Amino acid sequence: MVAIVALWRKVRDYVKTKEFRDYLTSTHFWGPMGNWGLPLAAFNDMKASPEIISGRMTTALIFYSMAFMRFAYRVQPRNLLLLACHGTNVVAQSVQANRYLIYHYGGGAEKIAAVDAAAAAAATADTDTNTTTCDCQL
C-alpha cells in the first residue's frame with residue numbers, strides 16, 4: 001500500500017511540472033491522439049460483416065502503421081504513445097485482414113449464402129403451413 005501511495009505522489013508531482021504541460025501542448029501528444037481513430041474504427045468494424053472489408057485498404061493500413069511504428073521508435077525523443085497507437089492498429093488491421101481472407105478465400109461467403117438460402121426456405125415453409133384450413137366442426 002505504501003508503494004502505491006508513493007507512486008501516486010510521484011505521478012501527481014510530475015503532472016504539475018512544466019515539462020508535462022509542454023508535452024500536452026506538443027505534437028508528440030496530439031498527433032497520436034488523432035491517430036487513435038484508426039484502430040478504434042477497425043475494432044468497431046469487427047462487428048460488421050466481412051464483405052465490407054477492403055483487402056487493399058487493410059493491407060495499406062498495416063504497412064502504413066508498421067512504417068510509423070518504426071518512425072515513432074527512431075525519432076528523438078521516442079514517441080511511445082504513437083508507437084502504441086500504430087502497434088494497436090497493426091493488430092486490429094491484421095484481424096480484419098484475417099476476416100477478409102476467410103470470407104473471400106476460405107469459404108466464408110459460400111457458408112453465409114447457404115445459411116441465407118436455408119433461412120429463406122424456412123420462411124417460405126412457415127408461410128405455407130400457416131395458410132392451411134381446418135375442417136373442424138364446432
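So, how many salt bridges does a search of the whole structure find? Two, where a salt bridge is a side-chain nitrogen of Lys or Arg within 4 Å of a carboxyl oxygen of Asp or Glu.

Quick housekeeping before the details. This is a predicted model, so local features need pLDDT of at least 70 and side-chain atom pairs count only at pLDDT 80 or more, while totals for chains, interfaces and linings use all residues. Residues are numbered from 1 along each chain as its sequence is written, and side-chain values use heavy atoms, with hydrogens and water left out.

Back to the pairs. In general, side chains of opposite charge can pair when their charged atoms come close. By helix I mean a DSSP run of H or I with at least four residues, numbered from the N terminus. K18 counts as exposed because its relative accessibility is 53%, and D22, at 40%, counts as partly exposed. The cut-offs there: buried is under 20% relative accessible area, exposed is over 50%, and partly exposed is in between, with a 1.4 Å probe and protein chains only.

The other bridge is between the side chains of R12 and D13, at 4.0 Å from N to O. R12 is partly exposed at 38%, and D13 is partly exposed at 43%.

Now, which residues form a nonpolar patch on the surface? They are L7, V11, Y14 and V15, with about 340 Å² of accessible area together. For the record, patch residues have over 30% relative accessible area and no salt bridge; like charges are joined within 9 Å, and nonpolar side chains (Val, Leu, Ile, Met, Phe, Trp, Tyr) within 5 Å. Areas come from Shrake-Rupley with a 1.4 Å probe, and for residues only the protein chains shown count as cover. V11 lies in helix α1, residues 2–15, and at 41% it counts as partly exposed. Going by C-alpha atoms, V11 and A121 are 63 Å apart in space and 110 residues apart in sequence.

On to helix packing. The axes of α5 (residues 55–74) and α6 (residues 80–105) come within 8 Å and cross at roughly 160°. So α5 is roughly antiparallel to α6. Axes are lines fitted to C-alpha atoms, for helices over the stretch in contact, with angles from 0 to 180 degrees between N-to-C directions. Under 35 degrees is roughly parallel, over 145 roughly antiparallel, 65 to 115 roughly perpendicular, and the rest oblique. The axes of α4 (residues 37–45) and α6 also come within 8 Å, crossing at roughly 30°. That makes α4 roughly parallel to α6.

In the loop between α5 and α6 you'll find P77. A cis peptide bond joins Q76 to P77, with omega about -5°. As a rule, most peptide bonds are trans.

Last stop is W30, in helix α3, residues 27–35. Is W30 buried or exposed? It's exposed, with a relative accessible area of 53%. W30 and L82 are 52 residues apart in sequence and 9.5 Å apart in space, C-alpha to C-alpha.

How values were computed. Helix = DSSP H or I, 4+ residues; strand = E, 2+ residues; numbered from the N terminus.
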